[in-house]
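Thanks for coming. Please have a look at it first.

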Amino acid sequence: MTLKRFILLANMVILLFVPRLSWSQADPEKIIGIKEVYTLNDLYGMALKQSETIQIAREELLIAEKDKSRALSVLMPRFTAFGGYSISDMEQTTDPDFLVGETYDLKTDSLSWGVRFDQSFTLNGKEISALNISKDHISRREQDLNTVRENLLLDVATAYYNVLRAQKGWEIAKASVQRLEKHKESVNARLKVSDVTLTDMYRAESELSDARAKLIEDKNRFILSKSALRTLVNIPPDFKVMEGPEMDAFISEASYGDEPEQGSESNRSELRSAELYRQAAERGVRLAKGDLWPVLSIEGQYAKTNDTNDGTMSDQSLEYDQDVSGFFLGARLTFTLFDGGLRNAQVKQAYARERQARLAVEDLKKKIGLEIQEARLHVETQKSRLVSLKDKLVFAQRNFNAVSEQFRLGFSNSVDMMDANTLLVASEREVSDAEYGYKLAVLKLR
């Protein structure tokens, strides 16, 4: 076998028995040494699939759907089948002191079977009201599921931007340490030629130590933010996040109406759920009043019985074979005359629940209106703040460059350098917080 054929055969064996790895299926870190990278949309999709809270909400929806099936079953007649079989063998002798002694030998067997149906309903349609209430509960659970999804996505987005913010803060801290290390080297070089005093060296070392301590804090904050994100989405510990396509930098206020309350009924799942609960509470009044109405019951049955007797008394035969079959239909009207005030109390409770649900809707409308107004103002504030802080960062960067050049030429001291670096670090952190704060504010408003 030539070397070329051997290599070809070896490749065929590898292709047959070694699992194939594609770029989308294999672990990128194992292939090219990079970490798993996720965008916000990736985290959204994974969270929706993995969340236990969403699974609980889906089970609540399933329970509501089965409640509708239960309410529908009350409107259907119930059919039952029955049957029985018995056999006996008895032998008895009469007391000769009172009667002439006679011996009975009775052998009987009996077979019976039949079909029965029952149907009851209230004259005011109470059962229909219960069915409609179950439909309202299904719609309400659907809105609750949407609310759970929205809250989960907002939590994921908040954790995602917290990771980006912490990561940016860590990078700013590392850049600050690098600048201060470079400044310390410059101070040390100038100290050797007595161009600066020992106090400048102490100040540079002190600022560098403080920057290193903040670097550790920012690193731990970054690790903690990643752990918080992993509590919402099941992802590997060693992961990275990156920003996807930028969101619109401008939000048209006209799209949300002139007043904060406009559009809230069609956009907020919580309010739609509350409206459905109020609607179900109104139907609950009719349901409670149904107990004050008579109940009409209709029933019918078909039965067949076969009795067989194989017996004797003295020398007389008692044999017989009898078949009995037939059916009956009936109806009855039931009305409760006195129940100690139970039905009246239930009706009053239903009215109270209806008023409570109506008040809850009005209260929720006010809260939603305030939330929308607060979210809009927060977006405007973050947008204006971001513009101002970006200008501040430009000035801080120019100031640091100018002070660094002056320090190199001997026109500024170490204190000026520390102040310029502190201003630059603070400006970078403020711009980073404002950028991610603005994006998160836009998400909350949407």
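K174 lies over the face of W170, 4.5 Å from the ring centre. I count a charge as over a ring if NZ of Lys or CZ of Arg is within 6 Å of the ring centre and within 35 degrees of the ring normal. By that rule R179 also lies over a ring face, that of F400, at 5.4 Å from the ring centre.

A note on the source. This is a predicted model, where local features need pLDDT of at least 70 and side-chain atom pairs count only at pLDDT 80 or more, while totals for chains, interfaces and linings use all residues. Residues are numbered from 1 along each chain as its sequence is written, and side-chain values use heavy atoms, with hydrogens and water left out.

The protein chain has 10 helices and eight strands; these are DSSP runs numbered from the N terminus, helices being H or I with at least four residues and strands E with at least two. Of the 446 residues, 29% are buried, meaning under 20% relative accessible area with a 1.4 Å probe, protein chains only.

Now the aromatic pairs. The search of the whole structure finds six. Rings of Phe, Tyr and Trp (its six-membered ring) pair if their centres lie within 6.5 Å; planes under 30 degrees apart are stacked, over 60 edge-to-face, and the rest tilted.

Y38 and F239 have ring centres 6.4 Å apart and planes at 65°, so this pair is edge-to-face. Y38 sits in strand β1 (residues 36-38) and F239 in strand β4 (residues 239-241), 201 residues apart. Both Y38 and F239 are buried.

For Y161 and Y436, the centres are 6.1 Å apart and the planes at 40°, so that pair is tilted. Y161 belongs to helix α5 (residues 126-192) and Y436 to helix α10 (residues 414-445), so the pair ties together parts 275 residues apart in sequence.

Last, how do helices α8 and α9 pack? Helix α8 (residues 269-289) and helix α9 (residues 342-409) have axes 8 Å apart, at an angle of about 165°. Axes are lines fitted to C-alpha atoms over the stretch in contact, and angles run from 0 to 180 degrees between N-to-C directions. α8 and α9 are therefore roughly antiparallel, the term for angles over 145 degrees.

Technical notes
Buried means under 20% relative accessible area, exposed over 50%, partly exposed in between (1.4 Å probe, protein chains only). Angles under 35 degrees count as roughly parallel, over 145 as roughly antiparallel, 65 to 115 as roughly perpendicular and the rest as oblique.
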